[in-house]
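Welcome! Keep the sequence and the 3D view at hand, and try each task before reading its solution.

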Amino acid sequence: MKLSLSRGKKSVKSLRETKLFQADWYLQTYPEVALQGIDPYEHYVTVGEENNYNPNRYFDVAWYKERSQAARKYDGLVLEHYAKRGWKNKVNPSSQFSGRLYLKHHSDVADQNINPLVHYLHVGIHENRLIFPVEMEYGSNPDLIEDMALIHESGLFKGDWYKQYYTDLWNYPDCHTLAHFMTTGTEQNRHPNPFFETYWYKNAYKKLIKKRNPFAYFISEGLKLGHEPSPKFCSEVYFDQHPDVKADGVSAFAHYVTKGMLAGHKFPDKSFMKASTNKNINKKATLPLPKHLRDMIDLPRNSLAPKSNLFDAKAMDIHWVIPDFAAGGGGHMTIFRMINHLERAGHTVTVWINNPSIHATPDDAYDTIVKHFQAFKGQVHFVDADQKASKFKAASGDAIIATDCWTVWPAMVPTNFKKRFYFVQDFEPSFHAMGAHYLAAEQSYKEDFDCICASPWLADIMREKYGRTASYFWLAADNALYTPPQNHVSRDTLRIAVYARHFTARRAVELAFLALEKLADRGLEFHVDFFGAPLPFVDAPFPYTDHGVASPKQLAAIFQNADVGVVFSATNYSLVPQEMMACKLPILELSGENTHAIFPDDVATFAAPDPRAIADGLEKLITDQTYRQQQADRAYDWVQGFSWEQSAAMVETAILDGLKTAEAQQTNPTKTASHMKASVVIPTYNAGDVLKPVLDMVTHQEAPWPYEILVIDSGSSDGTVELVKSYDSVHLHSIDKKDFNHGDTRNLGAEMTTGDYIAFLTHDACPADKRWLYNLVSAIEHFPDAAGAFGKHYAYDDASLFTKRDLNAHFDMLNNQPLCLTKDTDREAYEENPQWRQLLHFYSDNNSCMRREIWEKIPYRRVKFGEDQLWADDIIKAGLGKVYAPQAIVYHSHDYEPEENYERNMTESAFFKHFFGYELIKDEETLAKTLKDVNDHDAEWGRENGVSDEEIGKQMALNEARFKGYLDGVKADTSDMF
């Protein structure tokens, strides 16, 4: 890293004046600075901030610059901008520190008009003042902050213990463990300290607590009422052991947690108390048992009594009852794959979430489904807590489907369905030790549900052991994602990919750990790629990489780079082995009835559940290349016989068959709608070779309704017209080149078509799959007040790494926002924050769709550029919604030459200034500084990601063209430009 001293002492002086630079923290966080012997202040102003080094733990340079256009343009340090202007404009310094909430909660600081972060770093942290992450600014519970402060001041929340006990939080910021407990942990029934049992207390006193945080209620009211924090803790025992505490009038629990435990006092176990008789019988009392067990007696087990036995086999009404979920859940991905297929087949699907513990609202849950699982247009509801006056109880349809043992009981409440089904993905009793939970899970299989099972092994168990009607489907790898490596690297040290989700007992991960240790003891050299969860150890007798929880794309890369795969299934088989096989990765599995019922003998190496036997199998795979390759080839051929489309069709058939056996009567199939549901409009001009794959994909879209395609050509002379004419299902309309206008031409396309929804593509935007149009229309259909939607873009495979990086970053940012945005999503930001308004009017007609009824009232403006963003601005101002559809994906990207890049960005800059008043680059000095910062960043990023010096040079030339275009666009006379 080359030092530049261009900013000199003045910036060091300015840096000191911010009172936000912590030199000791800086040196500790960036030890290379200390090793170079550079003054930390000098380092930060000359090179540190440019390379996104942070001045303290609560100021994130990159995060702040991304959210403040003014900071990016500021002539000086970004930190200085925050110190002088940013905080006054309510711009937060990082995701970890909400200045707004700090000032709101600490009114004495607000009264003094002090920079909140300066106050916290110099005063607040020493006074143990509470800070809040930015995400809490958007919470809907007004009591959350107050309860959080109450818990914080009590000293009863043990953040260090909380973080260590819950291993998924090991990388979580220390300062926000309490925030996690308040926003997520309580809903997940996590404990705030080792002695308060959240779930027990929540159920023991649910009528008193109501919707309040249970731990906050315990502190403010429960202690005064004599409540115990758990069924084990006994205040009476503690007072008997320490009468001085009772004499002081102190709570036994508070004393034990804050003082007694540190003094070595014994835990006051209730079992030490003498037997007593309860003479005060409360007939309305309920015993404090978990809700999922209580549902066995609290919920009625009603017989079905449908008001009609008629159903339409082409348009079934299907309701799924599911447990709550987070991104990455494999079982839920399978459920949502099935739901997506059923919707695309023409059926109506409703999702009910039982015992919601992760999502605060059904809308939040819907966003998670679409962002992280599959496209879905149906409705999401919560199963009502009060079943006596329940929306869920009144639900009606053709089929209701339970999806785990704890959703069986609520699924027996509604009566207006024709058949109940049980979507069985594993043998759930084995998730528990023998006891109440095991027996309750097993009992769920004895209820009158038809079982749809995720393997023939499970279906056999349901039929033979529990007498259920049972069908099955196969799991399937996504063959578009999990593919063989293009160029497998030959190496001396082989890599073993190991599924290491150690907290899921049925994965038997400990056996794999022991086998690897034994393998290393034999002197074999190998490198292990662990994935699935952060590892519970640091030192190992072999080299390894801890990938933690990896995304599907990351998993595919891990499998493609490995030589052997290890994943164990102690119950029903996992999907992971098939994903490995699809990457031509030979696998080792445990030998058992469950696995042999699925995998042919020659597609996997099987080992007994003994570390030595597992090590033997691994040694065979590692040392015998021919054996390894032949197994991988056979497994690859076998796994190609499965697809999610086939599996979903099997589930659909199972539902139909079940309805028929329930004496439901099939009506005449729904007739295809006579009018067009959707129209696709594609303007073209000398499209060249890129148009054919676009038309191939658009003409083969899969949807349960008709759609039409219109191409409007503006005088092409390169064969584009002849190509379009070769597609019988594509309508062609030609106009003169001089008549083309981005707004008017698209309005013409809308006028010439009849679909309820009008989708637009450019001639170089190719749908990524056959569900593009359906996913785009469905995104709008879900939101009644949405005027239109735009979809995600992938860069083409041959795009530069810089193009791919920037495109991915842009859509990743959009994925962090609510899917549907209106001006009321954040009214304050809409009125005060230009960056937020820019987000609201971002829209891309490369891949978009609008409601015809809205277009008739708000058509495109007559403009030569930017018709999409102007239309989005118009609908937002009209109070309508704009939807981001992350599952409606197209391939669309450009790698321009500098001259083209200049022209496009000059036009874009002029457009933004003309219509919105934005100045992207205001002067030469800002241009020079911005260009240097961006070039330095791109050069470093390029070197870190293996980009050649030649490509980095090209990127720098493009950057220069872009920023010069921005400046010239600001200076341009735009009176006749648009």
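Two strands pair if DSSP finds at least two bridges between them, and helices (H or I, at least four residues) and strands (E, at least two) are DSSP runs numbered from the N terminus. The model is predicted: local features need pLDDT of at least 70, side-chain atom pairs count only at pLDDT 80 or more, and totals for chains, interfaces and linings use all residues. Residues are numbered from 1 along each chain as its sequence is written, and side-chain values use heavy atoms, with hydrogens and water left out.

**Exercise 1.** Find the open sheet of 6 strands: what is its strand order, and which strands stand at the edges?

*Solution.* 
- Step 1: The order reads β11-β10-β9-β12-β13-β14, and the pairing is parallel.
- Step 2: β11 (544-546) and β14 (605-607) are the edge strands; each has a single partner strand, so one side of each is left without a neighbour in the sheet.
- Step 3: Look at β9 (residues 494-499) and β10 (residues 526-531), which are joined by 6 bridges. L494 has F526 in β10 as its bridge partner.
- Step 4: α26 (residues 509-521) lies across β9, β10 and β12 (564-566), at about 165° to β10. Here, angles run from 0 to 180 degrees between N-to-C directions, and axes are lines fitted to C-alpha atoms, for helices over the stretch in contact.

**Exercise 2.** Turn to helix α19 (residues 252-260): how many of its residues are buried?

*Solution.* 
- Step 1: Buried means under 20% relative accessible area, exposed over 50%, and partly exposed in between (1.4 Å probe, protein chains only).
- Step 2: By that rule 7 of the 9 residues are buried, so α19 is largely enclosed by the rest of the structure. They are A252, F253, A254, H255, Y256, V257 and G260.
- Step 3: These buried residues pack against α16 (214-222), α17 (235-241) and α18 (243-247), where contact means heavy atoms within 4.5 Å.

**Exercise 3.** At what angle do helix α37 (residues 801-815) and helix α43 (residues 924-944) pack?

*Solution.* 
- Step 1: The angle is about 110°, and the axes are 11 Å apart.
- Step 2: Angles under 35 degrees count as roughly parallel, over 145 as roughly antiparallel, 65 to 115 as roughly perpendicular and the rest as oblique. That makes α37 roughly perpendicular to α43.
- Step 3: On the α37 side, find L801, F802 and R805; they meet H937, D938, W941 and G942 in α43.
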